[in-house]
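Please look over the sequence and the model, then read the points below, which are grouped by topic.

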Amino acid sequence: MGILDGIGQGFGVALDPTNLLYVFIGVLIGTVIGVLPGLGPTATIALLLPLTYSIEPVTAVILLAGIYYGSMYGGTITSVLLQLPGEAASVVTTFDGYQMAKQGRAGPALGIAAVGSFIGGTVAVIGLTLLAPPLADLAVEFGSQEYVALTALGILLVTYLGTRHPVKSLCMAALGLFLATVGQDDITGTTRFTFGQIALFDGFDFVAVAMGLFGVGEILYNVEKTEKAQAVKTKLKNIWPSRKDFRDSSGAIARGSVMGFFIGVLPGGGGVISSLASYATEKRRAKDPTRFGKGAIEGVAGPETANNASSTSAFIPLLTLGIPANVVLALIFGALLVQGITPGPQLISQEPEIFWGVIASMYIGNLMLLALNIPLVGVFVQLLRVRSGILAAFALMVTMAGVFSVNNDSFDMWVVLIFGVIGWLMKKTGFEPGPLVLAFVLGSILETNFRRSMLLSGGEFSTFFTRPMSGTIFALMALVILISVVSGIRKRRGRSRPATPGDEDLAAAGMTAEPEGSPGAESAAPVGGAVSTAPQDGTGSAPRDGTGASGSTAHGRGEGPDRG
Amino acid sequence: MSKHLYRLAPAVMLVLGLAAMYGSYELGLGELSAPGSGLWPFLVACLLTLTAVLLLFIDDPADYEPWTRSALGIVGGLAGLAVFIVLFEIIGFVVPAMLMLLFWLRLFAKEPWRLAVPLAVGGALLFYVLFEVALAVPFPDGILFAGTGR
């Protein structure tokens, strides 16, 4: 089927009244939770997983995707008005967005962010439309060795790029992989680690694990840090940016679209990294970098465009290879598995209505977001009056009723509660639940393909390295580990100066990349403290970055797999 | 001693990893050319153990948040949630939901009674209508509303 036929079919699916309604609900929920600090897209999607049981698979993905890219829009609003990123990918927006608001230009900042997001999202959707089918064709040729390599790369990059502490994340990923082995072994039929519990024969329930770790765990963690409700006093006027604003930011939007698209495709990529990379690039390209951090409109337009583009293009690896690029996509992957659909190279040919329907819904969703955001920013801002305690109580109620509705069994409520406690404890001890859940989702794919490769090769480990594709991927993984070990050791020697300008931007933001999909509220305080120092750090480092490698290490590292 | 308390988390991981290695070994590793059902869990458990050992030495104490009074509040909130589940099994959704919401709104949002009570009652009824009536989820029979006949 050609791309045009596919798109036609996709719009047929997406314009169905039910699906249209769910796109709208998705982007609306996404915007709302993006605005509300304390509830990120990951938690929201986890909490809404039970709902997806009762609707068609395509509708479910349309809804969840809408929440994801919708939250990228919403996160901007609080970043600009309150210097409080409602969502992790919007942290960089606080640098210049909040300064613009202080200069009375909050309107144009939000306006250009909405326009940039729309353009970025649309460019990414077009890229997705064009790139996904050939990639899926290529993936049909993949053997189990390639799947092992790709899956392992995905887990590795998520642990390295998305978190503060790689070894801890790797530990959690290992735990996730281990938890995935609980239950019946698909190949031999042996039950593993069930301790005779019949409830565990099918393994841990993904929905319960995800809802507990992300949903309840995150709610508990955030409610512990009780915050006062924020009142926005900024008057919003002239939201539509001026002609000069457009001229100033057009380059940033164009670069942000392309950069965001490519970063999103990579495993471990996503909104957070792409927005950081875009900010670093814009600052480096600027004729007068000192303007950054003092309300440069490019510093808002670029990152906001990039995070939207990447949250869309992150669907490419999921829909074509069956590999979720980040934790949010892992949840969507899980939702599809629950519906009995395994995303992968066969998805386009076997379930074209899902593949093309979701893509088409993104065109529509981005249009809806633009229409929602420009006139309704003032309404969304009012949401900030909702106190996080109220939000937590109601979100928990939805969780409990929702998880009960899956099997009509109150046992599941206990499972969620227990995993919620574990998730909260993990957050408190600095262990990220993200890698655990991602590894948990990918665990059985990894194991099956690993064992198949072993059987096919007669037990030769070298099979992973001699095949060109998987060999390249493993070489890249070795490189990633090497680089991070070396830089880790150098850091431990007490050097306070991070190695690259990208890292400095991250350090200045008080975070080494917040995990994808987390709410930004917790990082609000360090941002507030560091925002004045950020630009100076960045400019100081600009001359050192003479290699032309764009932006941050995260970006440079991440680009590898695409070339290879 | 308390200075090293934070090493408890990696230690727990280490014990878990070793137990997992032993359990996988018991399942039978098989040969590399014919992997048994224990081989993969064994490899994964090795990774878990290895990272846990590393963390015992290199973990950053700053990662661990102090246990404060608000953490105690969370424990209280969790207990409330557990009570909710127990009551839910016995007397249905509406009344426990009201109590749970009220408890959480008072405990965490510190809402005054005049706001907390209407919010809790309204919220519980709203969720009841949403889940039981609109989505047809068969909640256990309640004392306030009888089950809807399923």
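In this predicted model, the buried residues of helix α3(B) are B:I74, B:G77, B:L81, B:F84 and B:F88. They pack against α9 (206–224), α17 (388–407) and α18 (411–428) of chain A, together with α4 (94–107) of chain B.

**Helix α3 of chain B**
- An α-helix has 3.6 residues a turn, so residues three or four places apart point the same way.
- The 23 residues of α3 (residues 69–91) of chain B should span 33 Å at 1.5 Å a residue, and this agrees with the 32 Å between its end C-alpha atoms.
- After α3(B) comes B:G92, which has a positive phi, near 85 degrees.

**Domains of chain B**
- The domain assignment divides chain B into domain 1 (2–63) and domain 2 (69–134).
- A distance of 39 Å separates the C-alpha centres of these two domains.

**Contact between the chains**
- Contacts link 50 residues of chain B with 49 residues of chain A.
- On the side of chain B that touches chain A, two or more residues each come from α1 (8–27), α2 (39–58), α3, α4 and α5 (113–134) of chain B.
- The most, eleven residues, come from α2(B).
- By class, this side of chain B has 38 nonpolar, six polar and six charged residues.

**Annotated regions of chain A**
- An unreviewed UniProt entry lists "transmembrane region" for several spans of chain A, including 354–381 and 470–489.
- Residues 354–381 of chain A are 100% helix, with end C-alpha atoms 34 Å apart.
- Residues 470–489 of chain A are 100% helix, with end C-alpha atoms 28 Å apart.

Key: Residues are numbered from 1 along each chain as its sequence is written. Chains are lettered from A and ligands numbered from 1 in the order in which they are written. This is a predicted model: local features need pLDDT of at least 70, side-chain atom pairs count only at pLDDT 80 or more; totals for chains, interfaces and linings use all residues. Domain bounds come from an automatic or database domain assignment. Helices (H or I, at least four residues) and strands (E, at least two) are DSSP runs, numbered from the N terminus. The expected span of a helix is 1.5 Å times one less than its number of residues. A residue is buried if 20 or more other C-beta atoms lie within 10 Å of its own, exposed if 12 or fewer, and partly exposed in between; C-beta atoms are placed from the backbone. Two residues are in contact if their C-beta atoms, placed from the backbone, lie within 7 Å. UniProt positions are given in the numbering used here, feature names are shortened, and annotations may be inferred rather than shown by experiment. Ala, Val, Leu, Ile, Met, Phe, Trp, Tyr, Cys and Pro count as nonpolar, Asp, Glu, Lys and Arg as charged, and the others, Gly among them, as polar.
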